[in-house]
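I opened a new notebook page for this model.

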Amino acid sequence: MRQNENIVSLKNISVAFDGETVLDDINLDIRNKEFITLLGPSGCGKTTTLRIIAGFVEPDKGDVLFDDNKINGVPAHKRQVNTIFQRYALFPHLNVYENVAFGLRVKKTPEKELDLKVREMLKLVNLTGLEKRKIDTLSGGQQQRVAIARAIANNPKVLLLDEPLAALDLKLRKDMQTELKKIQQQLGITFIFVTHDQEEALSMSDRVVVMDNGKIQQVGTPKDIYNEPKNAFVADFIGESNILDGVMIDDRLAEFSGKKFECLDSGFEKNEPVDVVVRPEDVDIVPLSKGMLEGVVTSITFLGVHYEIIVDIGGFKWMIQTTDEQFVGDKVGLYIEPDAIHIMKKSEYSGKYGDYSSYSEEIDHLSDVEEDEN
Ligand SMILES: Nc1ncnc2c1ncn2[C@@H]1O[C@H](COP(=O)(O)OP(=O)(O)OP(=O)(O)O)[C@@H](O)[C@H]1O
Ligand SMILES: [Mg+2]
């Protein structure tokens, strides 16, 4: 099978539990050897999607294809798929070696072949020398590696990883992200990874599937998802976004905040209402006389690399990242280049996200609480 052919396809998959729709008409083609990530808030259906591919849940509607063959009803152990669960589910009574050997023993692999394979896997995950250690004497990161070695010892064509790094502290998590990516490239197998951490998804994946409410909102490369979000949900969930009500006056001309702006988008109806996204890092603070918009700085947070400031423009609060120091109460001008503007169709998510008023109120509220306590 070649690199870009589909290894797993989900066709019109729907699932309900106790009458509640959990997956709603999911269509997704997963390419051979890609690192694809399901990303979305808690409860959006990520684990259920994995369980359908693994064969632990049967969909109410739709088909699951593997190598273009329908596999609905094929039991989990007969699918060429392995899962790493969030809780690694290692066998506590077996040592490291036997945990990795487990699947091979079930398959009655000859001893010599088994030994070679287990040692190769342990080397791959950097655990050579720890063969005899008991699971409860290992660190979280080491247990994670045993789980990976065990899952890939059976040569699955597809590995499903359900938030495998969630239990690790930040530093270890970063290291394991790099290592997992390396392992995936060395093995040349397909990884279907689940996380609700957008930074993890963007940094590791060839493609990201953004889900909400049992539906796929967008599928694309990390750059596509960040630069060209399809709707206000995606724009808000991935990174920070100012999302404004606007109108597409004409191709490459949008109106928002009471002003007209050149942009790069086209193909909308004349005067079509739209959602406009401007990322906080794409706004330039300029002297008032040079600003396309004017506003008042209402809060400032120093974050080391830059300041994150909130600017009130006619009652709408923008978040802006800048390396220049500003002061609360300053009047500032804002300059926005055409390529900093991204236009989206209106959707069920319009108006729900993208104004930072509640953000600064939260900060005000926190400082009120602190003052009350003092
Ligand atoms: N066996 C089940 N019976 C009833 N409801 C279920 C079952 N499994 C999942 N659900 C419900 O389906 C919805 C989606 O669950 P799922 O585990 O797929 O979410 P998730 O995206 O993996 O969330 P998280 O990030 O919290 O792990 C949730 O509302 C959950 O409560
Ligand atoms: Mg889950």
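I checked burial first. Of the 374 residues in the chain, 36% are buried. I kept in mind that this is a predicted model.

Next I looked at the secondary structure. I found 9 helices and 20 strands in the chain.

I then took the dimensions. Along the principal axes, the C-alpha atoms fill a box of roughly 80 × 50 × 40 Å.

I turned to contacts along the sequence. I took those between residues at least 6 apart, and 67% of them join residues at least 24 apart.

I looked up the domains. The assignment gives domain 1 as 6-227 and domain 2 as 232-373. Their centres, taken over C-alpha atoms, are separated by 37 Å. Domain 1 puts 8 residues into the contact, and domain 2 puts in 6 residues.

Which elements supply the side of domain 1 that touches domain 2? I noted strand S9 (207-212), strand S10 (215-220) and helix H7 (222-227), each with at least two residues there. H7 gives the largest share, 3 residues. By type, I listed that side of domain 1 as 3 nonpolar, 4 polar and 1 charged.

Last, I went to ligand 1. Which residues are around it? I wrote down Phe17, Asp18, Val22, Gly40, Ser42, Gly43, Cys44, Gly45, Lys46, Thr47, Thr48 and His196. Helix H1 (residues 46-54) provides the largest share of this shell, 3 residues. I sorted the shell around ligand 1 by type too: 3 nonpolar, 7 polar and 2 charged.

Note on methods. Residues are numbered from 1 along each chain as its sequence is written. Chains are lettered from A and ligands numbered from 1 in the order in which they are written. This is a predicted model: local features need pLDDT of at least 70, side-chain atom pairs count only at pLDDT 80 or more; totals for chains, interfaces and linings use all residues. A residue is near a molecule or strand if its C-beta atom, placed from the backbone, lies within 6 Å of it. Helices (H or I, at least four residues) and strands (E, at least two) are DSSP runs, numbered from the N terminus. Ala, Val, Leu, Ile, Met, Phe, Trp, Tyr, Cys and Pro count as nonpolar, Asp, Glu, Lys and Arg as charged, and the others, Gly among them, as polar. A residue is buried if 20 or more other C-beta atoms lie within 10 Å of its own, exposed if 12 or fewer, and partly exposed in between; C-beta atoms are placed from the backbone. Two residues are in contact if their C-beta atoms, placed from the backbone, lie within 7 Å. Domain bounds come from an automatic or database domain assignment.
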